[in-house]
Amino acid sequence: MRYLDEFNDPALARRLLDEIRATATRPWALMEVCGGQTHSIIRHGIDQLLPDEVELIHGPGCPVCVTPLECIDKALEIAARPDVIFCSFGDMLRVPGTDRDLFRVRGEGGDVRVVYSPLDALQLARRHPDKQVVFFAIGFETTAPANAMAVHQARRLGLTNFTLLVSHVRVPPAIEAIMAAPTCRVQGFLAAGHVCSVMGMAEYPELAERHRVPVVVTGFEPLDILEGIRRTVGQLERGEHRVENAYARAVRPDGNPAAIRMIEEVFEVTDRSWRGIGRIPGSGWRLNEAYRAFDAEHRFDVTGIRTEEPAECRAGEVLQGLIKPTDCAAFGTTCTPRTPLGATMVSSEGACAAYHLYRRMSEPARPREEMNPVG
């Protein structure tokens, strides 16, 4: 296939669904790790088209959603300062902190700007030497190379008014934490193709072997996801637990070596707290000693902020795959995109946002014959 619309072909989708249905002989629970995959699954109704034997569990694959509340509050504290231009991607502006969000800070006079790249923030620092320009550097392995490059360039240019507020997280330690939890029901993983396009697949074989779970690297279009499910179910039925690459058009086994080198130059691995989940050892990056001068937490002395999650919000259970968004009593009532309790309702990759956007307000059983495959 050469064109994107070919990955939405209804006839091919039916064929893959038929193969999955013919292969699955017992219940299997699979987790998609990426929020982009979650949105594709809910948008196209893939989870409802699958045979009853195959359940999809939504994982902690939304970087905005897992950014800890204390980091959001640090961002709000920095962004409210009069000498700061605070830069972020747009989906962070509605994420609630303890008592406000970045939109409110901007409405109260803070200079909060939406940018499309950390290099945009770097240019702002060059144009405004009288201001401290801070970029909110969140994300999985996919956004880390560009953020590392921005800091690398800032040091090369001798900029002293540019910093990153870093909340980078790493996928393999999260999979490890999920599998180690006593409540885990996951028997196979659809690994995020964009993460593997950067980092490669080297960290997954050990996870697959230790926990005896198949890991299939998967893309984001409907046929990508169905092919990933087909391969994962096939392995489970055969009693295998291998790493497979079902996204070879974008992922090489060694990833992107240049991007990895840039990450390793600027960042170092650290423990990281995940919103609603808790602290996961070795699951994040922070600026290393050579680049510590570009760390906004230290420059603005906000390292002491501590917070508590609102008790009504069950986003942490959604992120761990323990419940579906519709299992939360606040979903669609006290928690909506206009009045969010947690980031999963406002992030463009959040599971709660996907359910609300595509009107999945409950999980009624639907007769299979009433459903149309994607397209």
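Where does G61 lie between β2 and α4? The first legend answers this; every view is drawn from a predicted model.

**View A. G61 and its surroundings.** G61 sits in the loop that runs between β2 (54-58) and α4 (63-66). The residue is buried, its relative accessible area being 4%. C34 is 27 residues away along the chain, yet the C-alpha atoms of G61 and C34 are separated by 3.9 Å. Apart from neighbours within four places in sequence, the contacts of G61 are V33, C34, G35, F140 and E349.

**View B. M199 in helix α10.** M199 belongs to helix α10, residues 193-199. Leaving out neighbours within four places in sequence, M199 is in contact with E141, D254, G255, I260, I263 and W285. G188 is 11 residues from M199 along the chain, and the C-alpha atoms of the two are separated by 20 Å.

**View C. Packing of helices α9 and α11.** Helix α9 (residues 171-180) packs against helix α11 (residues 204-211) at an angle of about 5°, and the axes are 10 Å apart. The angle is under 35 degrees, and the two helices are therefore roughly parallel to each other. From α9, the contact is made by V171, P172, I175, E176, M179 and A180; from α11, by Y204, L207, R210 and H211. Sorted by class, the contact has 7 nonpolar, 1 polar and 2 charged residues.

**View D. The aromatic pair F86 and F136.** The model has a count of 6 aromatic pairs. In the pair of F86 and F136, the ring centres are 5.7 Å apart and the planes stand at 65°, so the pair is edge-to-face. F86 is in strand β3 (residues 84-88) and F136 in strand β5 (residues 132-139), so that distant parts of the chain, 50 residues apart, are linked. F86 counts as buried at 0% relative accessibility, and F136 is buried with a relative accessible area of 1%.

**View E. The aromatic pair F267 and W285.** The rings of F267 and W285 have centres 6.2 Å apart and planes at 20°, so this pair is stacked. F267 comes from strand β10 (residues 267-274) and W285 from strand β11 (residues 278-287), so the pair ties together parts 18 residues apart in sequence. F267 is buried, with a relative accessible area of 5%; W285 is buried, also with 5%. W285 is one of the residues in contact with M199.

**View F. Arginines over aromatic rings.** R249 lies over the face of F7, at 4.0 Å from the ring centre. R360 has its charged end over the ring of Y355, 5.6 Å from the centre.

Methods
Residues numbered from 1 in each chain as written. Predicted model: local features only at pLDDT ≥ 70, side-chain atom pairs only at ≥ 80, totals over all residues. Heavy atoms only, no water. Helix = DSSP H or I, 4+ residues; strand = E, 2+ residues; numbered from the N terminus. Buried < 20%, exposed > 50% of the residue type's maximum accessible area, 1.4 Å probe, protein only. Contact = heavy atoms within 4.5 Å. Axes fitted to C-alpha atoms, helices over the stretch in contact; angles between N-to-C directions. Parallel < 35°, antiparallel > 145°, perpendicular 65-115°, else oblique. Nonpolar A, V, L, I, M, F, W, Y, C, P; charged D, E, K, R; others polar. Phe/Tyr/Trp six-rings, centres within 6.5 Å; stacked < 30°, edge-to-face > 60°. Lys NZ or Arg CZ within 6 Å of the ring centre and 35° of its normal.
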